[in-house]
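Biologist: Can you put the model up? I have some things to ask about it.

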Amino acid sequence: MNPFQKNESKETLFSPVSTEEVPPRPLSLPKKPSPKICGSNYPLGIAFIVVNEFCERFSYYGMKAVLTLYFLYFLHWSEDTSTSIYHAFSSLCYFTPILGAAIADSWLGKFKVLSLVGLSLIALGTGGIKPCVAAFGGDQFEEKHAEERTRYFSVFYLSINAGSLISTFITPMLRGDVQCFGEDCYALAFGVPGLLMVIALVVFTMGSKLYRKPPPEGNIVTQVAKCIWFAISNRFNNRSGDIPKRQHWLDWAAEKYPKQLIMDVKALTRVLFLYIPLPMFWALLDQQGSRWTLQATRMNGNLGFFVLQPDQMQVLNPLLVLIFIPLFDLVIYRLVSKCGINFSSLRKMAVGMILASLAFAVAAAVEIKINRMIPPQPGPQEIFLQTLNLADDDVKVTVLGDENNTLLEESIRSFQKMPHYAQLHLKTKRQDFHFYLKYHNLSVYTKHSMEEKNWYSLIILEDGKNISSMMVKDEENKTTNGMTAVRFVNTLHKEVNISLGKDTFLIVGEDYGVSAYTTVQSGEYPVVHCRTEDKDFSLNMGLLDPGTVYLFVIINSTNQNPQAWKMEDIPANKLSIAWQLPQYALVTAGEVMFSVTGLEFSYSQAPSSMKSVLQAAWLLTVAVGNIIVLVVAQFSGLVQWAEFILFSCLLLVVCLIFSIMGYYYFPIRPEDLQEPADKKIPHTQGNVINLETKKTKL
């Protein structure tokens, strides 16, 4: 007899409420053995799932590898805006799995969502693929092969990073080494990942007949939400001291929902509570594609045998993952186990957080070292001055102050490449300086006014046997974001039009006209097309290094075609990009301990009906982490090294909180999620009884 059934023969003050029925859980399909790989306990369908994941991750990470520099160089956004949009996109990709998980668990099932929705609609594909593919692979294993299932998650993560490794190395090459319409080929860099997505669809559908396809178990997300809401509202309505308390707050849903669902929701909420601190880890990890890539643009990518593009540095992460996963699984974890240390999943994740925090401390140290190698900026009552001698012989330059005192004196050869700017001090914010130029037997006096906190170039011109000078104020920020900046001085008697790319054109006036600085992509420029009113010619600008500021002087030559004299205004940063290796090694080790372990932990702790939901919740922590980066990038106002220190300290605090939470968490065993047969109570169908009462007679 149902203890909550309304009995008309007894006096009661309970009031019935009409509720919807909860559909019964579908019966499990009879388990038939699926084909195995080479006599092992690994289902053959796993091979198709892993290859599909490789192709899909190649597509995703290949596109993300060039995304930040696409924003920065092609769309000309600022560093902060590029970082914000990058992480907003990443966050959206990890929010949509909630929708994908709801559809998978309640309607189509993991297989149909993965193949029909996830791979057909790229915009929503990430939401369809991410929560389903890992859980779908886990579904292929029988419970007696739990150890192989644990290893599967490592192989699964290996396939992710194998795809990421190849794509993050190849797509920047497609971007930078191939020219489309006279500039970097972003179309090809985005097109190849799109092709791999098509291959992923083909490979996945080929294994359709080999998959075990658990049917969807009703609208789980809706059931969970309604169960939680009913438990809270029922407890609130029955808060009288006369009503017996219950062991768990979700037990207040027992009047409406089956006990098995309540047990599943209990398990789900315990894990979700543990997920609260996790977004901070992802906030650090995902900055490899934004802040760390921007840091690499300010470093020297020439390794001697190979020139590494800034966005190619991300290839270290998947490469090290492929090395670290077997190293940790086969060596480190086993050594720790032999030492008698219980290295549980939650402890591994806590250590991973610490390693990621250390990685950002190292990144801050590298950032400080980069800043020390950047040329200093002129301060108050200070200017920086360089002299360009375009005459055909030496010129002695003397700079005099207001009181005719000598401030600077040097002899400059014709077309001499100056090693650095000279520093001059002003008595006021703006001051006149007198220049004495001695050329052969000719002496020339001139005066130029200069303002504090600026860069200036004194250009010495020759006109027959006479010389003159002109003062050019250099732009304050000649180069940003590690890009190359160029400007031109035209010594010809005709205006010159210069084409530096599809949308980059310069017009330099005749007779020592000086162009403004223009930012261009680094690389080889063997043929730069130029044109005067009566002649077309080309200039060989050679190799332009990242972060360098160049001056090109267009001069006549004996072969009747003008040539370009090249000089570095500001040299490239000499700090090697290899200095980023320690931070990548630390954060990757942290990722292996945190992410791989977290994937398996999420699957093992999820009730059978909610595995995709919990996988989506795991991915949701990634989305929240990217939002944290977006907010900090837009509103912190910190210099870069201080921002790195901020993230490092925040993760350490979060790690402490997570460790305390994990100390009180007891992992769920599969048998704990099943209701004992002798304790099952028939679920009330139709009307159920509301416990809201003032007194009760039993």
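This is a predicted model: local features need pLDDT of at least 70, side-chain atom pairs count only at pLDDT 80 or more; totals for chains, interfaces and linings use all residues.

Biologist: Fine. How many residues does helix 9 have, and how far does it reach?

Modeller: Helix 9 covers residues 220-237, which is 18 residues. From first C-alpha to last it reaches 25 Å, close to the expected 26 Å.

Biologist: Which of the residues in helix 9 are buried?

Modeller: Ile220, Gln223, Val224, Cys227, Phe230, Ala231 and Asn234. Looking down the axis of helix 9, these buried residues fall within an arc of 135 degrees, so they line one face of the helix.

Biologist: Why would that spacing put them on one face?

Modeller: An α-helix has 3.6 residues a turn, so residues three or four places apart point the same way.

Biologist: And what is exposed on the other side of helix 9?

Modeller: Trp229 and Phe236 are exposed there.

Biologist: New topic. Where is Asp569, and is it buried or exposed?

Modeller: Asp569 sits in strand 22, residues 563-570. Asp569 counts as buried because its relative accessible area is 5%, and the cut-off for buried is under 20%.

Biologist: What does its side chain contact?

Modeller: The side chain of Asp569 makes a polar contact of 3.3 Å with that of Arg487.

Biologist: Now the surface. Which residues make the nonpolar patch?

Modeller: Leu92, Phe95, Val624, Ile627, Val631 and Phe635 make a patch of about 540 Å². Helix 3 and helix 16 each give two or more residues to the patch, with helix 16 giving the largest share, 4 residues.

Biologist: How exposed is Phe95?

Modeller: Phe95, in helix 3, is partly exposed, at 35% relative accessibility.

Definitions and conventions. Residues are numbered from 1 along each chain as its sequence is written. Side-chain values use heavy atoms; hydrogens and water are left out. The expected span of a helix is 1.5 Å times one less than its number of residues. Buried means under 20% relative accessible area, exposed over 50%, partly exposed in between (1.4 Å probe, protein chains only). The arc is that of the directions from the helix axis to the C-beta atoms. A polar contact is a pair of N or O atoms within 3.5 Å; within protein, one must be able to donate a hydrogen and the other to accept it, and residues adjacent in sequence count only if both atoms are side-chain atoms. Patches are made of residues with over 30% relative accessible area and no salt bridge: like charges are joined within 9 Å, nonpolar side chains (Val, Leu, Ile, Met, Phe, Trp, Tyr) within 5 Å. Accessible areas come from the Shrake-Rupley method with a 1.4 Å probe; for residues, only the protein chains shown count as cover. A salt bridge is a side-chain nitrogen of Lys or Arg within 4 Å of a carboxyl oxygen of Asp or Glu.
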